[in-house]
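Subject: Structure handover

Hello,

Here is the structure for you to look through. Please open it first, then read my notes below.

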Amino acid sequence: MENPILEVRHLSKTFGTNAVLKDIDFTVNKGDVTSIIGASGSGKSTLLRCINLLETLTTGEILYHGQDVTKGKVNASEYRAKVGMVFQSFNLFNNMTVLKNCMIGQEKVSHIKKEEARDRALYYLNKVGMAPYINARPAQISGGQKQRVAIARALAMEPEILLFDEPTSALDPEMVGEVLDVMKSLASDKMTMLVVTHEMAFARDVSTHVVYMADGVIEEEGLPEKIFTNPESLSTRSFLKRILNE
Amino acid sequence: MLIQLFSDIGKLWEKYGSVYLTGIANTLILATVATLIGCVIGFLCGILKTIPYGPNDNIIKRFLLRLIRIIIQAYVEVFRGTPMILQAVFIYYGLPYFFGVAFKDIWTVSILVVSINTGAYMAESVRGGIMSIDVGQFEGAKAIGMNHWQAMLYVILPQTLRNILPQIGNNYIINVKDTSVMFIIGFSDFFAVHKMVSGAVFKYFPSATMEMVGYLCLTLLASFLLRKIEKKMAGKSNYELVNTDQLVMTAGTYSLPKDAASPFDEVNKDIREGK
């Protein structure tokens with residue numbers, strides 16, 4: 001059944017005179033795993049940053065459960081607490097241990113008691129396989145481990161939807177797998193996810209919906225089987241041909 | 001010659017030792033208190049100066065923030081750009097001139113002058129320290145729902161403090177030495193003792209030697225302590241792995257299969273069998 005969590009309506013973003021996103025329109029329903037694919041510079045990451053209000057939109061609106069979050073009536077911080085984000089460069093807090101990274105948001109933003117926050121942090125760290133490392137600092141663990149902690153940190157806020165901004169692009173090839181495995185297990189838990197990715201296998205096999213972007217517009221979207229086997233647009237076809245033959 | 005010098009110093013110490021020690025104590029107290037207050041001022045200015053505002057914010061907020069930035073910049077330029085000895089004179093004699101009230105306590109005015117002087121230097125250090133933190137730290141904080149102040153307090157400032165600790169140390173050492181200019185308004189610090197004693201007994205060189213050695217000892221001690229603090233703030237260089245099973249139990253997520261025995265049974269069995 002249709003149950004839209006996020007609706008992006010006529011979103012445009014310009015940096016100076018450079019139009020990065022042009023009239024973007026799409027919907028994320030509960031339980032969807034949407035992959036956004038496309039060439040570098042097509043505006044995928046900017047779109048995700050706009051959705052999390054890290055960038056201000058030039059025009060358009062973002063509806064969260066039908067309520068526009070861009071107009072200042074909705075508190076941006078409260079909205080962000082429900083919309084998790086995982087960054088390409090992890091952005092773990094360098095001054096805190098792994099455990100504290102996963103607790104601080106719960107304690108200070110959601111006002112959860114320390115013991116409960118700790119339990120919940122441990123639960124999610126365990127889920128991503130990082131529970132043994134709770135006393136480590138971000139500088140002391142590998143890229144893949146950092147990204148898994150970052151996912152646990154986002155999950156610990158118990159968000160309704162999780163945004164991933166190229167979560168494996170900054171990782172060494174041998175670490176990509178461990179992060180993708182975590183994401184796959186989240187997908188099988190019916191977590192709603194919006195993933196900007198260059199991992200075509202993930203987009204094809206795990207996601208329920210694929211959005212292909214080119215030059216700041218959504219060129220084509222649909223079921224992964226259709227996009228990957230029988231794309232309508234020429235641009236989609238040539239992009240997939242290029243990237244899958246690499 | 002050296003023997004002569006040592007015997008002079010000995011005589012000075014015998015007669016005025018306690019005065020010199022009081023001077024050292026006064027210098028240290030003034031430098032420490034003023035550096036701490038200066039840090040607070042510096043952090044306040046640095047934080048206020050880095051509050052972001054954009055074209056989407058309302059006009060009052062933009063105006064206020066711009067005004068704050070201008071005021072802080074003026075403060076920094078004035079107190080960084082004039083000699084502290086002059087600032088001391090200016091404030092000490094300026095206040096009675098305009099308001100007819102003199103400072104009753106030389107300590108108050110000394111701490112005030114050195115603090116705002118230090119604050120002017122620290123303001124720029126703090127601003128630089130905040131700007132040197134990767135913007136991703138801010139975005140990470142915002143992404144889990146922190147507002148600007150929470151992100152500052154829990155994520156940015158702790159890292160800033162660690163990064164600018166060498167700067168704070170620099171300022172502290174400068175203050176230990178430069179509080180000597182406060183003799184101009186009659187503050188009896190370590191250097192003021194030299195002026196007083198050598199004026200009384202005409203032993204300029206032996207007294208100056210004592211001062212040199214004294215100041216050097218103070219600053220060496222200060223830099224030693226600061227390095228200790230820096231090391232402590234850097235945190236542990238290693239970490240211990242935590243036994244996963246125990247963790248899962250404490251996390252309250254470990255649900256035993258109904259037909260399985262308690263995990264402690266195995267241990268009990270070992271005990272029963274006398275292992």
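This is a predicted model: local features need pLDDT of at least 70, side-chain atom pairs count only at pLDDT 80 or more; totals for chains, interfaces and linings use all residues.

H1(B) and helix H8 (residues 204–233) of chain B pack at an angle of about 45°, and their axes are 9 Å apart. Axes here are lines fitted to C-alpha atoms, for helices over the stretch in contact, and angles run from 0 to 180 degrees between N-to-C directions. Helices (H or I, at least four residues) and strands (E, at least two) are DSSP runs, numbered from the N terminus. The angle makes H1(B) oblique to H8(B). As for the word, angles under 35 degrees count as roughly parallel, over 145 as roughly antiparallel, 65 to 115 as roughly perpendicular and the rest as oblique.

The crossing of H1(B) and H8(B) is right-handed. That term means the near helix is turned clockwise from the far one by less than a right angle; anticlockwise is left-handed. Residues of H1(B) in this contact include Leu5(B), Trp13(B) and Leu28(B), and those of H8(B) include Phe205(B), Met210(B) and Leu218(B). Contact means heavy atoms within 4.5 Å. The contact of H1(B) with H8(B) divides into twelve nonpolar, three polar and two charged residues. Ala, Val, Leu, Ile, Met, Phe, Trp, Tyr, Cys and Pro count as nonpolar, Asp, Glu, Lys and Arg as charged, and the others, Gly among them, as polar.

Next, the partner H2(B). The axes of H1 (residues 2–49) of chain B and H2 (residues 59–80) of chain B come within 9 Å and cross at roughly 140°. H1(B) and H2(B) are therefore oblique to each other. Their crossing is left-handed. Ile41(B) and Cys45(B) are among the H1(B) residues that meet H2(B), where Ile68(B) and Ile72(B) are among the partners. By class, that contact of H1(B) with H2(B) has six nonpolar, one polar and two charged residues.

H2(B) also packs on helix H4 (residues 106–132) of chain B: the axes come within 9 Å and cross at roughly 120°. That makes H2(B) oblique to H4(B). This crossing is left-handed. Val76(B) and Phe79(B) are among the H2(B) residues here, and Ile116(B) and Tyr121(B) among those of H4(B).

Now the two chains. How much area do chain B and chain A bury between them? About 2800 Å², with 59% of it on carbon and sulfur atoms. Buried area is the accessible area (1.4 Å probe) that two parts lose on being put together, summed over both. In chain B, Glu139(B), Ile144(B) and Tyr239(B) lose the most area to chain A, together 23% of what that side buries. The contact takes 31 residues from chain B and 34 from chain A.

Last, salt bridges (a side-chain nitrogen of Lys or Arg within 4 Å of a carboxyl oxygen of Asp or Glu). One crosses the interface of chain B and chain A. Arg49(A) and Glu139(B) meet in a salt bridge (2.6 Å, N to O).

Residues are numbered from 1 along each chain as its sequence is written, and chains are lettered from A and ligands numbered from 1 in the order written. Local features need pLDDT of at least 70, side-chain atom pairs count only at pLDDT 80 or more, totals for chains, interfaces and linings use all residues, and side-chain values use heavy atoms, leaving out hydrogens and water.

Best wishes
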